Amino acid sequence: MSKATIPYKIYLSESEIPKEWYNLNAVMTRKHEPFLNPSTLKPCTKEELSQVFCEECVEQELDRTHRYIEIPEEIRSFYKMYRPSPLVRAYCLEKALGTPAKIYYKFEGNNTSGSHKLNSAVAQAYYAKKQGLKSITTETGAGQWGTALSMAAAYFGLDLTVYMVKVSSEQKPHRREVMRTYGAKVIASPSDTTQAGRKILKEFPGTGGSLGCAISEAVEKAVTSDDCRYVLGSVLDHVVLHQSVIGQECKTAMDKYGIEPDMIIGCCGGGSNFGGLIAPFMGDKIEGKNNIEFVGVEPASCPSLTRGRYVYDFCDSAKITPLAKMYTLGCGFMPAPNHAGGLRYHGMSPIVSALYNQGYMRAVTVEQTKVFEAAEKFARIEGILPAPESSHAIRVAIDEALKCKETGEAKTILFGLTGTGYFDMTAYKQYNDGTMTDTIPTDADLAHGFESIPDIPQNK
Ligand SMILES: *Cc1c(COP(=O)(O)O)cnc(C)c1O
């Protein structure tokens, strides 16, 4: 088809919502190393993982053979409320940049939670319900994950307790109210409802809390309550699997119009949206069917891929989760307080880490003020107010399109627009007031974080 026939928004029909998730784990020729039990240093068994997570999610987590995993009809019904999400040809942005590049973005912010996280939240809530559980717990920092899971828990009639990092719950009271409206119990962490919380409160009265502490509280609640499991919004393989609906819809839409991306760009926090966006395209690349350039973008303040180590580390700062082989800054790494919100994670999805380690993708970092310059430009030109996390991908997409302007190459660029930024007005205010700063950790800061990596034979 000719260029002129490509609409501004490419919508798929309801029947084109994927019927299966795409399991990159099955396609990768060199699989990533297994999770280890930190006390035995042996690979985690299904039974061990099932103490904490839902059985079906554990099944998916460990599945390295099935390329396609069926999406249950109940989950597809929920997807129909907000999917397919639009694939947008950024004609206005291309024109404003004066670039010969063709820019596309997949917009995942068209639901009340405001991000892609709902894609996995609904799947995990469904499997919890199917297993006969009564309740689930989780933690939330920036709040997008807690909101998404609240929506999913309400839909399936599950009780949900969200441990929200205390400073976030004070800074983002509106996020808290959205979660409560959907019926979630939101507890500012650290709290006096768990042993872990009481211990921290005693040691550090007046602390604003941390994600690590909130995870400890949520996991403690899950393992000490009957019929309750803990649910995680990123990093793990089954979360990346659920997010593959993003990439598959992109591929269906692009195939329909004969569009072949030269480059796919996504922001990387725990790696779930990026892993999901690239999934079917990366599968083809591994099999030699395309030569797409994949680019993961992380904040300069939290550069796990670009400056981290590829070792076994805990997934949380309280050191209670299994060990994952991943790029990490050390589970004790404390990123400077900034507005990358959902990108402030010390580690990276084991799948994305392995792809990076094996040379299938590259990674870049961007600084905060540059990210907000791109966010402002995008908002003014394309109309959508982007989440700070998503704006990392926008920054690099714009930079790549500007490079095309110099070289005259008409590359086709696809990036993931993971969400909207309505709850990030404090960040936008700082940017608008000119008070935003950039923080880049020094080598000494990183060395300090690396000290928290477990000293085990596998890491030698
Ligand atoms: C959580 C979040 C991210 C980062 O998480 P990933 O697991 O790396 O995808 C990116 N964008 C938005 C809007 C988020 O809420």
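How do the residues of the shell around the ligand divide into nonpolar, polar and charged? In this predicted model, the shell consists of four nonpolar, 12 polar and two charged residues. Of the 18 residues around the ligand, those that come nearest are Lys117, Ser234, Gly269, Ser272 and Asn273.

For Ser234, an N or O atom of the side chain is 2.4 Å from a ligand oxygen. For Asn273, the separation between a polar side-chain atom and an oxygen atom of the ligand is 2.7 Å. Gln144 also places a polar side-chain atom by a ligand oxygen, here at 3.3 Å. The ligand taken alone exposes 380 Å², and 98% of that area is buried by the protein.

Helix packing was examined for helix H17, which spans residues 368-382. Two packed helices are described by the angle between their axes and the distance between the axes. Helix H17 packs against helix H18 (residues 388-407) at an angle of about 85°, and the two axes are 8 Å apart. Because an angle of 65 to 115 degrees counts as roughly perpendicular, H17 is roughly perpendicular to H18. On the H17 side, the contact is formed by Lys370, Val371, Phe372, Glu373, Ala374, Ala375, Lys377 and Phe378. These residues meet Pro388, Ser391, His392, Ile394, Arg395 and Ile398 of H18. By class, the contact of H17 with H18 comprises eight nonpolar, two polar and four charged residues.

Helix H17 also packs with helix H19 (residues 425-433), at an angle of about 95° and with the axes 11 Å apart. H17 is therefore roughly perpendicular to H19. Thr369, Phe372, Glu373, Ala375 and Glu376 of H17 make this contact with Ala427, Tyr428, Tyr431 and Asn432 of H19. The residues involved divide into five nonpolar, two polar and two charged. Phe372, Glu373 and Ala375 of H17 are among the residues that meet H18, and they also take part in the contact with H19.

Backbone geometry was considered at several loop positions. The peptide bond that joins Arg83 and Pro84 is cis, with omega of about -5°. Pro84 lies in the loop between helix H4 (73-82) and strand S4 (87-89). A cis peptide bond also runs from Ser189 to Pro190, where omega is near 5°. Pro190 belongs to the loop between strand S8 (185-189) and helix H10 (195-203). Asp227, although not a glycine, has a positive phi of about 55°. Asp227 is located in the loop between helix H11 (211-224) and strand S9 (228-230).

Note on methods
Residues are numbered from 1 along each chain as its sequence is written. This is a predicted model: local features need pLDDT of at least 70, side-chain atom pairs count only at pLDDT 80 or more; totals for chains, interfaces and linings use all residues. Side-chain values use heavy atoms; hydrogens and water are left out. A residue is near a molecule or strand if one of its heavy atoms lies within 4 Å of it. A polar contact is a pair of N or O atoms within 3.5 Å; within protein, one must be able to donate a hydrogen and the other to accept it, and residues adjacent in sequence count only if both atoms are side-chain atoms. Accessible areas come from the Shrake-Rupley method with a 1.4 Å probe; for residues, only the protein chains shown count as cover. Ala, Val, Leu, Ile, Met, Phe, Trp, Tyr, Cys and Pro count as nonpolar, Asp, Glu, Lys and Arg as charged, and the others, Gly among them, as polar. Axes are lines fitted to C-alpha atoms, for helices over the stretch in contact, and angles run from 0 to 180 degrees between N-to-C directions. Helices (H or I, at least four residues) and strands (E, at least two) are DSSP runs, numbered from the N terminus. Angles under 35 degrees count as roughly parallel, over 145 as roughly antiparallel, 65 to 115 as roughly perpendicular and the rest as oblique. Contact means heavy atoms within 4.5 Å.
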